[in-house]
Structure formats: structure tokens, C-alpha cells
Amino acid sequence: MSQDFRLPAGGRIDRSERLNFTFDGQTFTGYRGDTVASALLANGVHLVGRSFKYHRPRGIVTAGVEEPNALIDCNITAQEKGTREANNRATFTELRHGLTTKSVNAFPNLNFDIGEINSLMARFIPAGFYYKSLLVSTGMWHRVVEPVIRRAAGLGVTDEVADVSRYDGHYLHADIVIVGAGPTGLQAARVAAKSGARVVLVEQDTECGGSLLRDPVEIDGMDADLWVATVEAELAAAPNVRVLTRTTLSGIFDHNMLTALERVTDHLDVQDAADDHRPRMRWHRVRAKQVVLATGSFERPLVFRNNDLPGIMFAGAVETYLQRYGVKTGNTGLFLVNNDMALSAAIKAKDAGIDVTVVDVRSESTGPNTERLMAMGVPFLTNHTLVEAKGGKRVKAAVVAPMNGDGTAISGEMRTIECDFIGSSSGYNPIVHLHCQSGAKLDFDPTTACFVPGAPMGATPTISAGGCKGLFSLNDALASGASAAQEAMDALGLQAAEATVVSASEEAHPGSLHIRHLWLLPTDKPTSKGGKFWVDFQNDVTAADLQLAVRENFRSVEHIKRYTTLGMATDQGKTSNINALGILSDVLGVTIPDIGTTTFRPPYTPTTFGAIAGREPGDFLDVARVTPMHDWHAEHGALFEDVGQWKRAWYYPKAGENMHAAVDRECRAVRESVGILDASTLGKIIVKGPDAAEFLNRVYTNKWMKLGVGRCRYGLMLGEDGMIMDDGVSSRVAEDEFLMTTTTGGAANVLSHLEDYLQTEWTDLKVYLTSVTEQWAVASLNGPKARALLSELCDDVDLSPESFKFMEWKEATVAGIPARIFRISFTGDLAFEINVPADKGMALWTALMTAGAKYGITPYGTEAMHVLRAEKGFIIVGQDTDGSLNPHDMDMSWIIGKDKDDFIGKRSLTRKDMSDPMRKQYVGILTDDPKEVLPEGAQLVNVADAPASAAPKSPVPMQGHVSSSYWSSAAGRSIALGIVKGGIARKGETLIVPMPDGRNVKVTLTDTVFVDAEGARQHG
Amino acid sequence: MVAQPAKKQRFNALALFRNALSYHQNWEQQWRSPEPLEAYDVVIIGGGGHGLATAYYLAKEHGITNIAVLEKGWIGGGNTGRNTTIVRSNYLWDESAAMYEHAMKLWEGLTQELNYNVMFSQRGVLNLAHNLTDVRDTQRRVNANRLNGIDSIYLDAAGVKKVVPGIDLRGGGRYPVMGASYQPRGGTARHDAVAWGYARKCDEMGVHIIQNCKVTGFDIEGGVVKGVQTTKGRIGAKKVGMVPAGHSSVLASMAGFRLPVESHPLQALVSEPIKPTIDTVVMSNAVHAYISQSDKGELVIGAGVDQYISYGQRGSQHLAEETLVAICELFPQYKRMKMLRQWGGIVDVCPDASPILTSTPVDGMYLNCGWGTGGFKATPGSGHAFAAHIAKGEPTELTAPFALSRFETGFLIDEHGAAAVAH
Ligand SMILES: Cc1cc2nc3c(=O)[nH]c(=O)nc-3n(C[C@H](O)[C@H](O)[C@H](O)COP(=O)(O)OP(=O)(O)OC[C@H]3O[C@@H](n4cnc5c(N)ncnc54)[C@H](O)[C@@H]3O)c2cc1C
């Protein structure tokens, strides 16, 4: 199609670069510099979408980020899978060569949309209709009604395959962040730059200039373009300034933590973007000492009957399309205004050769713009209302009529004016979103009928300037930009530079609006009857809906919003909220500020998930911690288990072995000869200082003061609630130093728990904590041959049981590597845990493997480790305990130092319930059938309560559950551990395990030690 | 003087049709806004879902209608109107399972009961398991649920994929999905409708709903509550039920006692609306986020609390980021979705992550709080049980385990232990 509505000249587009794109399957052309919206309009396309609820035909209404109607899906073809994007605003999507787009929410197509049936039924489905009807049963709702609603709702369609793009995160620090590079922001940046501050200037648009791009008035006798270019050059030359265009400042959080989304490659032609090495977007997190907001204002439309027809747009948008894109929005335009400023659009339209009529709702219209239009011979009706717009998929005509004096009713004959577009303006709303996000409030300015920033609040207030402060004259804006920057410089303690005097030509921008606020234009019928007055376009909220909400006593603005869905669309009320408040103030009989606004929440405009997530998804979600011996495990076929952030060898299957066979082999090796476990992942914390022993005494339940240097002791750590939180062996390295070990998954928690106490509760203790988990590699030799093997590699320490006892440690040299050897055992067998500096871990491991070959040394993983310790009844914190079990419950009362003054959790342990004999307690569980291995997590019930089916209808009293369960070759049968009500006293009793498959398995409660009950082996 | 009942128009398709003919001019107020009387039999503090439900069941089940519900802002404006509406009852411990399953049963008939469409959607809830510990704990919970008469199924990874075709079982590669618990009867509901539906029915039975009325103090004589001080003056009360969610410790301190709760911001966010893409609720504790899609089409996303303590109803920026990392991990196709809005509420968290429903040291004063990150799902059950507790003046079978005294006796119901999930 040819660009019939493109003006022969003008605009900021590059006519030498024609770009092809598709919309709903049809190919169009536009120019570099276009948005999808401007290119569609150049081709005469106004109908671009369907509304959310009624599927009404909708057109482009704005030329910016606030667009509620013109949403499109981009990159929609099969070849573009992995890049499809839903709900892009056509008014903010830069045109690029090869772009494919599609309208949303229309089926089978935009022109003929079945959903439009909703529009015919509109009368029967007003706001909140779904609360009052469709009161079907829960089953019907989910199966029948809801799917229909869900299909009808929603707008675009999301991709089905993973996004192929990359995203990046950045951190920035600035003395001052200036948001918006319109004349105000540029002027502010200039002053801040000259004052020597570190400046970041953020602009969502493709280039600097703001309102000057639409309305290039002269500044300082210069052409606007030249002025902008001059300032940009000045800023570019300053090393202390960073200008980020195509970057949206999306959020302001506590202490001026700002977030900004930079679109890096989206505007590139499809092929170029694919080849570009840069990330698609960057997510900037900016710490700013000062923030100046220069975000300008949004226009708002007047509300009249059928004001949603395609072709009805904001007056300022008409002007933008003309001036910035060289596009006419039609041939016959009607401008409907209530203020002076909007008339400039009519002038530009007339200049561009469009037939123009002006309908001004004010009783008098006298400003320079009015005079100009009159002089141009434009028909100009004052004190008129627009009764109704006519048309279907495009506006065809407007019915107008004179109004009575207070603008509440028509007072004369209606007449019809043909037009193919309407530019409407009801005034301007300062963009106060970021101001409000920073925690500050708003004031209502009755003369301009808008909310302006209220007094700054909080420790790090933002400073508003220009349009977003409610200053509508260019000269005022320029001046306020400079003074805002100066104010910020003062706050920074910098000598503020003088502003270069700037002034714009007054006549173009008088600044005064002379606004008449008529929130709902009078018409010939009540608002509830015949035709609709649209307030929130996308969500299809009408004036009648607002009135209905109030009638039903939804009076809080938040209730009205939620009941009608006003302001909840993708524009978040940017185009609708103030009009709604105006209409409500008339209905409720209270002033707009008394109604108040809803909360402005981040983000300012919709923000891409992937950009916010950055590089983290995928492998970077969490570091994968591996031990120095990891590669060896991988090369020898180990499967790995995630424990905390660690990858731990789980078991090492040999060819043809399943997990069961491999684990069984590994376990037998330990019990019969020697096994080797990579234990490097256990948390290791140095506890050092004169009070180190006292510190351990307070964090563990047992006693530590008298533990000799060179000795090791097992400790149980409780939370404040008296429940078991972690365990491990700590060893005394020196009078004033211990090496504490923790569980693999608990290490970080334990460290912060300990630091918390040290730093906040026990500031009197002289103790320092250092995590050394990653500094040591640990190979644990377990089994009857462990000593024989180790003695082959270690000759500087006597390993005999007489001189190196169980629960002792010694410095030694192993395979030529300086090491610490600990005689501690988690398998109940003879064990030596050899610690060496991490970078020697692999050397140690391979030396042990080589020397161990003749003993049949077998590497074993966490699964075998679990079996081996279960055979001994040793608990695993987090598996056999779950945060609700205390030492008594685990039959470990012995570990509580009876006469200790205090330890964490001691007080809680004295609570009545903590020693209740019917608490759940730790027991062994043996199935009657020794071959049956119970599933972990199975529940136990009394024999009398055994359920008849796997899913009983009413609750069956449960006695406890199976926490650990394995096949044990050493025991020659299956073994299990678990937690049972009053279990310690019930050993010998028979219980039932109701299985998920419906079988009831008989078990007997037993002791928790299944192998080597007297504990001889570990002392061996 | 007592509050007066007022029979309501019934809501149904016919009423909608009839009212459409009169251009919706004849709908009556869903609830009225009376001025407070001098005194009531029961004053409920907090017009959230729990408070309104309490008033409703007091009136309906216990014949006490001379009630005022005092709300400092607008009803439902606290966590009721901010939460992500996940409803499930697959809790680990018997006491919680009883409470949440009681609520679940009430949910299943709530639309009819209230004659208000609360859009309870039983689309199923999955809690994913990403490591062996998760799997073990999940199976334990599923088994416990089963024996508690709650529909709960363990799915392996392939089973998860069948229910949630869009999920990346590789979990981005770092934490693959190994399995999940699945409760088909779980789902979501329309939060505002719950508050409004209860309010309308309360009003019908003569309960006074008094908005913009903040309780600022208590009249307590000889250890017995006599009334409350409010921004609308003193209001006498024979009994007071406090249901103030994020501000329970503030009210308790006005009444002279302390609570073991911490108040944290909890955030949520939504995407722009899109056509249906995910039909269930998916939650992951290990990767840490949860997601569902509202009937409007928005992806509704949340995670855990902000770790600091605050009354500012907004969240920090990093938490939203971490949450989205987790979502992109599980659903990499959503990376091009856009966040539309993020917000926060204040939740009261108990040390054992279970609520408090209790009598208090003050005679005639009862307290319902501490629901933390997951009380929406309990709304009908909590209101029902608390009403019975208030009416009888003593614990019921359902409320007894949740007494304040458990922090003294140590009878904790530790729902944030290894085997449980948030929300
Ligand atoms: C972001 C978020 C997501 C959540 N997601 C879920 C979820 O998916 N599933 C789930 O089950 N739960 C969820 N929750 C938790 C859930 O919202 C709450 O547990 C539940 O809504 C609490 O209900 P309520 O009625 O007790 O509280 P609220 O709705 O907060 O009601 C308490 C009311 O008391 C009022 N009040 C307080 N002080 C006073 C006073 N002095 N005088 C008068 N009035 C007072 C408040 O204004 C408030 O309206 C979530 C919470 C949040 C914040």
C-alpha cells in the first residue's frame, strides 16, 4: 500500500530509508524514524485493535507510551519463535525493516471479530456483572464458564518457546539522575554538568528533545533542532555526563534506588539485530544522590458518547503525527477542546491542508491560538458540546450542539459535522508517577484541573521540574529545569553553575490553559442510556459503570477501581484516571482531591521480565559449587546430587549397575575393606579468640570448656525455639581456636546465625568467625582397612589406636601433602578424615586411590553415606529432623549439658510441651517383610486405624512418619528410621504404614542402631 | 438500638437482565455505610476477609447480629485485596490441615452461600520438588494429606509436564524439576469479591460495616474489655474480635499484651494480560517463586517476604528481581512478558509460621492473626472457626491448637519446617 496520508515533506523521518513491515498479514511501508503507529496512519489504517471486554473496534489514540488501544504482538511468524512479544504499544514500537506484527484480542480477524457480540450485549454485562451472575457450582465454574472468560480475556499471545535473547544488568552511581530529556531535562542536565556533578540523563524516547520533537519552537533564537543538538554536544563533551536514550526509568525505591530499562537492539532491522553482539536490553540499577524529574505531561481526552471510535484521538497526538512523522490522521478533522494549548494542533492541521472545524466547550475562547484559527477561516464553535460521534470502524461524523451555561445540558439544535478524525483535549496531567513512587503526595491545582507534585517527602526527595510539575509554558519549564538542578547541586554541596539564559518564543507557548473542566460532555440522553461514554478505553469502563459503582456504594476510589477495573489496563490509568475522578466528583458531590488517587506503583511502563532477570536465569541462577575432586567424580561416572548449592557425588554406578546395586556395592566396600568419600562440602568455620570455648558452649547444647587441644567433639546446635537446627564435629586446634564443621546445606545459615549472636547479643565475647569451607578439601577414608591404607602414605604420625584415638585430630603429612587428620566417623566404622589445602585435594585423592587399589578402595557417594549412617542410627539434620524436633525427641538427651548456665534454645526446652512423653520421637522401624523397603515420607498409623483405601474420606489419626529408609546389606534386610508419637516407649509395638498403592504394610518399632550396636568398629 | 437487617435483592442472571432493562438504575447498595451505634454485642476490628467472614458466621451460625466491623480504610484494602489468592489445603500438620481443609470445603460452596460470585477456580496447585530433600518432604506431605482426607497426589517430572505443559523441567539447568505435589481441588479465587460478598451478606443480616474507622485504643476495666476508642468516637462492646492482619502487634500493644509476630512486607507482581498460557498454580520453594494466570489474563507472580521488618506497604526492588529470575528459570518463554505492576502488603509472621486464633489476657477480647503469607485461603474457615470461638467464649476443636499459649508451652505447629511451603 502507498503512504497516502504521508505529507510531502517534514517530520523527523528519514525518507531515504523505506521499511517494509506487516500488520495482520498485510505488508506496509514506512520510513526510518516511524513508529508502527505512525506508519499505519500514513497508510490510512486507524482500526488497530479490539477492546478487552466488548471487543469494540479501536484505533490509535496517542503517540506515546500511554497508548491504551493500539497494542500489537510483534515477531509473530513461525521463523521468529523465541522472539515473539505480546502487547507492544504500536505508538512506542520503532519501525524496523522486516518487522511482523499482529493486532490483539480479535478472532477471526480485526475487521470481523466474533467477540464483538459482547458489545451488543453490553447492556447486560455492565461493570462487575460477573459478581452478580454466573453463580454456578464450583465445578461448573472451572470446567465450563471460566474457560470461556479466560479465552475472551487477555490480549496478546505469548511465545511458546524459550526466549533466545540475552539480557544484561548494570549498576550505575550518580550524583544526579535527571529523568526526561525534553527542554526541562536538557536544561537541568546542562546546569548539573557544568557544576561538575556526575550526571545520568535518562530518556525513554529514541532521541533527546521531548516536546520539541513534536513542537519545534525557537529557543534562544535557534531552531529547536539546533538548540537540542547544541545542548547534546555540550553534554557529550562533558566526561561527567552519561546520556541514556531508549531508556525508561521504571521505578524509584527506597533511598533513591532507581531502575531503568534500556532497549538496545529492538529497533535494529531484524537481520541486524540477530547479528548484533549486544544484549537485547539492559537493566540499570542506579543509586542516585539526587533525582530531578522532568517527565512532562500527558494529554487527556474529553469524554463524550461513542468517544472510542477509531479516528478519535488526542489532539496532541494529531499534532505529533503531523509534525514528528509527517503524517495526516485524516482529511477532515474536528478538534474538540476545553483549553488554549490544544488549539495549536488545529493550527498545524490546517497548515497541513486538512479541513478543520473546532468545537470549543468553553463559553469564550480568546487566546492567540483561537485568534489565529479564526483568522485562518476555520469554523469555530464555542460553548458547544459533542453530543455523539457516529461511525463504525472509523468515525464518520460528529453531532454537536450548543450547551446551557453550566454545561450540564444541550440548549439548542443538534447538527452533524462530517469528519474522519477527531482530536480531543481536556487538558494535561503532569506525569507524577515517579514522584509518587518516591513516597511523596500530590496536590490538586484547580486552575489547571490536574494533580501536581506535593511537598517532597522522605530522606531522599525527588525534585520535579517543567511539565511534570504542572508548568505548561516552555519558558517556565526551562527556568524550572535550571533551578531544579541548582537545588540539587546545593543539596550535593556543589557550587551550582549559572544557567545559560534561555528563552523560547512566548507566543507559541503561552502556558496558560484557560481550561474549562467538563468531565462528561452533556448530551441528549442520560449517560446510562443509548451509547457509551468511554473512560478507560482498554478495559471498557464507561461513565455509566462509574455511576453504577457509586450507586452500589463502592465509594472509595480503590473500590471503584476494583469493581469497574478502571485504571487496571496496561496503561494503568494514564489516559483515564483523572477523567474518572472528575466524573466521580460530580456523582459523589465531593472535590477531586477529597476522592484521592489510587497508588502509583512501579513500573512506570510495562517492563520486560527477561531484562529484569538479566543473566541470572539458567546456570547463573545459583552458583554451582563443586569440590576440588569434582572432575574425578565426573570422570568416574558419578551422578550428582544437589545439596544446598553443592554438587555432591551421589553414587558411582558401574556399567550395568542400577542405583540400588551401586549403593549396595559401595556400602559393602566400606564395611568390609575401605571406602572413600569426598567430604569437602561440609561447612567449616574457624572460631577463634580468647572466648572461643565459651562461645561454643553457648551455641551448642553440650560442654566445651574442657575439651583439650587435639580433641574433637560432636555438637548439636538448637534454634531459639529449642529445636535442632544443625550438628557437626568441632575440634580444638589451639587454646583459642576451634574448627567447627556444619552440615553441607546448613553452613551459610549457621554462620549468619552465629554472627547474629556475636554481633547483637554477645558483644562481650572476643571471638572471630571465618568460613573456610572452600579452603580445605576433605577425603574421608572409612572401613577396616582405612588405617592400613593411610599408613602407607603417612609416616610422620603414629596411626595406632593407642596413640591416635577416636575423636582426636593430628597434623600430619599424607602423600607428601601437609594435612590434618581427624579420627571422626559418620559411618560407625574406622575412619580418618584427611583435610588438605583445597588446591591439593585432587593430588590427595588420586594418591589415596592409587595406594588403595590393592585394598579395593571404593569411592562412595552421599547415598551410601546415608545408608551407612542409618545403619548406625546417626541422624541427618533436615532429613530425620524437620525443625520441629528437639534433642529429647531424637533420644539425645545425653547431649544436653545438665548444669550449663545457658545455651541457645535452653529456655525453650523448659517449656511444658517440650518434654511431653507423647511428642514425636526418633525410632527404628522394621518391616515384617525384610525385603520391603518403605518409601521415605510414608506415614504410620495404629493397627486399629489402618485405612481401608489409599485415600480415606475422613482423617485417619497419624502416629508419625518414615524419615529414612534403605536396603542394608550389613543388616541383611531393609531398615528405616522415623518419628513416632511417644515412640521411644513404644519400641516393640506393631504399626501400619498405609502405602500410596493402598497396601497396609506392617512394621515394628525398634532401636535406631541396626549394625554394630556396641559401637566397637569406630574405635578400632 | 440495634442494627437492622435488610433483605437484599438476589443476584442471578435474571436479576441482571431485569436491571439491564432499567439501565441498571435500580441496583441497591451492596452494603450500607451506617454511622456507628453507641455499643454492640461484638465489635470486629479489621474489615478484611477474615474479619468480615467472622462477622458473617457470628450472625448466621450463632444468631449474633448486633455486630460492627470496624475498618480503618476501605474493606478488603489490606492483604485481602493485595494477595495472590492461592487456595489449597495440603498442609503438613494435622492441625493446619484440619483448618485449611475446613476452609476448602466452605470455599467449594461459597459462591452460592454468599450469592456472590467469588470465582473460586479449582484449577489445581502444584508445589514443585527440585532436589532429593524436596522429594522426600513432598512425599511425606502428600502421604499425610491423603490420610487427612485431602486430595493430594505426588507427580513425577513427567506428570508435572502433563499438567503444566509450558514448564521447563530442566528448570533452566540448575535445579531440574524432579516432581511435585498436586492438589486438584486447590486453585484461586477473586479476592475483592470475597470481601464484598461477605460484606453484603453481613449487611443483609444487620451487621454494621463501618469504614474509615480506625481503632485507636481500648476501654478495659478490671481485665475485661468494655469498648474501643476509634476515630469515630468510643464504641461500646461486650466482646471484641481483633482481625487486623499486618497490624496485630499494634493492636495488641494497645490492649496491653505482646505477640510473637514479626511484620514483613510481602510483594507480588502481575504481567500484562495475555491469552491463556498456564492453567494451574505452580509454586516452587527451591527456585522460589510461584505463578498463576488470572481470569483477566495476567500472570500473577510472587515469592517470599522481604526479610526486613516494616509497615510500608511496598516491596524492595531486589526481591521482585529475584522472583522474576525464578520464573524465567521455570518458564523461559515468559522472558518477553512485561511486568505491569508490583505491590506489597504487610504480613504478620509467627515463629512457627502458623496463625493465632485465641482468647487473650483480656476478658472478652479475642484475636485472629499471624496468617503470614498464606491466610487468604483460610478466609472462610478462619472466619467460621473464629466466630464459634467468640460465640462460645472458649477454644473450639479447630482453634484450640492455635492458641497464643502455644508459644509458652512449646506446642508449635511448625509449618515452615522443611516439609512445608509458604502461601
Ligand atoms: C502480596 C501478598 C500475597 C499473598 N498471597 C497469598 C496467597 O496466594 N494465598 C493466601 O492464602 N494468602 C496470601 N497472602 C496472605 C493473605 O493475604 C492474608 O493472610 C489474608 O488476606 C489476611 O486476611 P485478613 O482479613 O486477616 O487481613 P486484611 O485483609 O489485611 O484485613 C485486616 C484489616 O484490618 C484493618 N485494620 C488494621 N488495624 C486496624 C485498626 N486499628 N482499626 C481498624 N481497622 C484496622 C486493616 O485496614 C485491614 O483492612 C498474601 C499476602 C500478600 C500481602
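**A walk through a predicted two-chain complex**

Let's start with confidence: chain B averages a pLDDT of 94, and 98% of its residues score at least 70, where pLDDT is the predictor's confidence in each residue, from 0 to 100. For the complex, the predictor gives an ipTM of 0.96 and a pTM of 0.96. This is a predicted model, in which local features need pLDDT of at least 70 and side-chain atom pairs count only at pLDDT 80 or more, while totals for chains, interfaces and linings use all residues. Residues are numbered from 1 along each chain as its sequence is written, chains are lettered from A and ligands numbered from 1 in the order in which they are written, and side-chain values use heavy atoms, with hydrogens and water left out.

Now to the ligand. Around the ligand sit 39 residues, counted as near if one of their heavy atoms lies within 4 Å. The closest are B:Glu71, B:Asn79, B:Thr80, B:Thr84 and B:Lys377. Sorted by class, this shell has 15 nonpolar, 19 polar and 5 charged residues; here Ala, Val, Leu, Ile, Met, Phe, Trp, Tyr, Cys and Pro count as nonpolar, Asp, Glu, Lys and Arg as charged, and the others, Gly among them, as polar.

Some polar contacts (pairs of N or O atoms within 3.5 Å) are worth a look. In B:Glu71, an N or O atom of the side chain is 2.5 Å from an oxygen atom of the ligand. With B:Asn79, a backbone N or O atom lies 2.7 Å from a ligand oxygen, and for B:Ile86 a backbone N or O atom is 2.9 Å from one. Taken alone, the ligand exposes 1,000 Å², and the protein buries 97% of that (areas by the Shrake-Rupley method with a 1.4 Å probe).

Which elements give two or more residues to the shell around the ligand? They are α2 (49–62), β12 (262–273) and β16 (338–349) of chain B, with β12(B) giving the most, 3 residues. Helices (H or I, at least four residues) and strands (E, at least two) are DSSP runs, numbered from the N terminus.

Next, see where the chains meet. The contact (heavy atoms within 4.5 Å) takes 110 residues from chain B and 132 residues from chain A. Between them the chains bury about 10,300 Å², 54% of it on carbon and sulfur atoms; buried area is the accessible area (1.4 Å probe) that two parts lose on being put together, summed over both.

Finally, chain A has some backbone details. A cis peptide bond joins A:Phe107 and A:Pro108, with omega about -5°, and A:Pro108 lies in the loop between β7 (99–103) and α2 (117–120) of chain A.

Methods
Polar contact = N/O pair within 3.5 Å; in protein donor to acceptor, adjacent residues only side chain to side chain.
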